[in-house]
There are 2 protein chains.
Amino acid sequence: MTKPDSSSNLTLDKQICFSLYSASNAMARSYQPLLKKLDLTYLQYIVMMVLWQDSTMNVKELGAKVHLDSGTLTPLLKRLEAKGLVIRSRSQSDERVRLISLSDAGKKLRQAAEQVPDMMMCKSKMTSEELSSLKQACDLLLKNLTTAD
Amino acid sequence: MTKPDSSSNLTLDKQICFSLYSASNAMARSYQPLLKKLDLTYLQYIVMMVLWQDSTMNVKELGAKVHLDSGTLTPLLKRLEAKGLVIRSRSQSDERVRLISLSDAGKKLRQAAEQVPDMMMCKSKMTSEELSSLKQACDLLLKNLTTAD
DNA sequence: TGCATTTAAATTGTGCGCAATCAATGTGCG
DNA sequence: CGCACATTGATTGCGCACAATTTAAATGCA
């Protein structure tokens, strides 16, 4: 009593993960025209948002917030520094620690970014209830995949 | 009557898109150890899945299915060809068209991949109802973001 | 038929993601 | 104190994603 081929799990239309992946790509793609005005990529925008909330932290703390490591963040932070948006200093008490803080230009950029979330919500054409439930499901999945591997 | 700063939309914990993005990254990360046995990356696995369903198609058709363009697919398909999993031939009737088809090794790999979806579902620790509703929301978002830009 | 237009795929360049490795600094324990 | 060990971040290398451009082939139409 083996399953017939048509009910195999190995079909693209059954892959939740592929839906997630495609939606995530499409989302980043949709952000790009909005962020072009700010001269930021999607991830750079995320990192700036973290810093707008809490203007100084080290790479490890930042990485924990955005779920990324120094291999991704170090070059990104260098690019943000090159744009004059952040300052990469060293901790006095521990020379290993890189302190990331906002420059004046970085702080100022926040105003221009304020309208981005609403514009994206509009693009999504989904209700806040739908979006909120999507967010909950993603947060749960992330938690389940990251705790105890 | 302007909103106080604490209710700004520009906070990381309010970004549905960031949840989606982080969950998608975590998902691809979780797939990797499972796919290592097959010597495939996540996207290569997706492309192979498309070909397991329909063993010959051109780059444009493939791109439409996985929502990616030739800039991503061409090098990926070359890598799959180098591994001996696919064959990149040319259409007789239209020399511009690249026909992608499975080699015997590519067809054979399917058996080893059959168990991957169930293993991932288990890793997610979510019910099929939760996953199904997540999938629906992602599919809707993708549709809304891609139709009429 | 000849030439502009369209189409398919490849190429180029930039910026992620992430595993693996490395260097530098700090800490703890004998 | 000295040395093993842990921690922080940087580096390297590979494989996506994607915009923009290029190449080559097909099509349309005067």
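Buried means under 20% relative accessible area, exposed over 50%, and partly exposed in between (1.4 Å probe, protein chains only). The model is predicted, so local features need pLDDT of at least 70 and side-chain atom pairs count only at pLDDT 80 or more, while totals for chains, interfaces and linings use all residues. Residues are numbered from 1 along each chain as its sequence is written, chains are lettered from A and ligands numbered from 1 in the order in which they are written, and side-chain values use heavy atoms, leaving out hydrogens and water.

**Exercise 1.** Which residue does A:R110 bridge to, and is A:R110 buried or exposed?

*Solution.* 
- Step 1: the partner is A:E114, the closest N and O atoms lying 3.4 Å apart.
- Step 2: A:R110 is buried, because its relative accessible area is 14%.
- Step 3: A:E114, at 30%, counts as partly exposed.

**Exercise 2.** Now turn to chain B and describe the salt bridge of B:R110.

*Solution.* 
- Step 1: B:R110 bridges to B:E114, with closest N and O atoms 3.4 Å apart.
- Step 2: B:R110 is buried at 14% relative accessibility.
- Step 3: B:E114 is partly exposed at 30%.

**Exercise 3.** How many salt bridges does the structure hold over all chains?

*Solution.* Over all chains, the count is 8 salt bridges.

Notes:
Salt bridge = Lys/Arg side-chain N within 4 Å of Asp/Glu carboxyl O.
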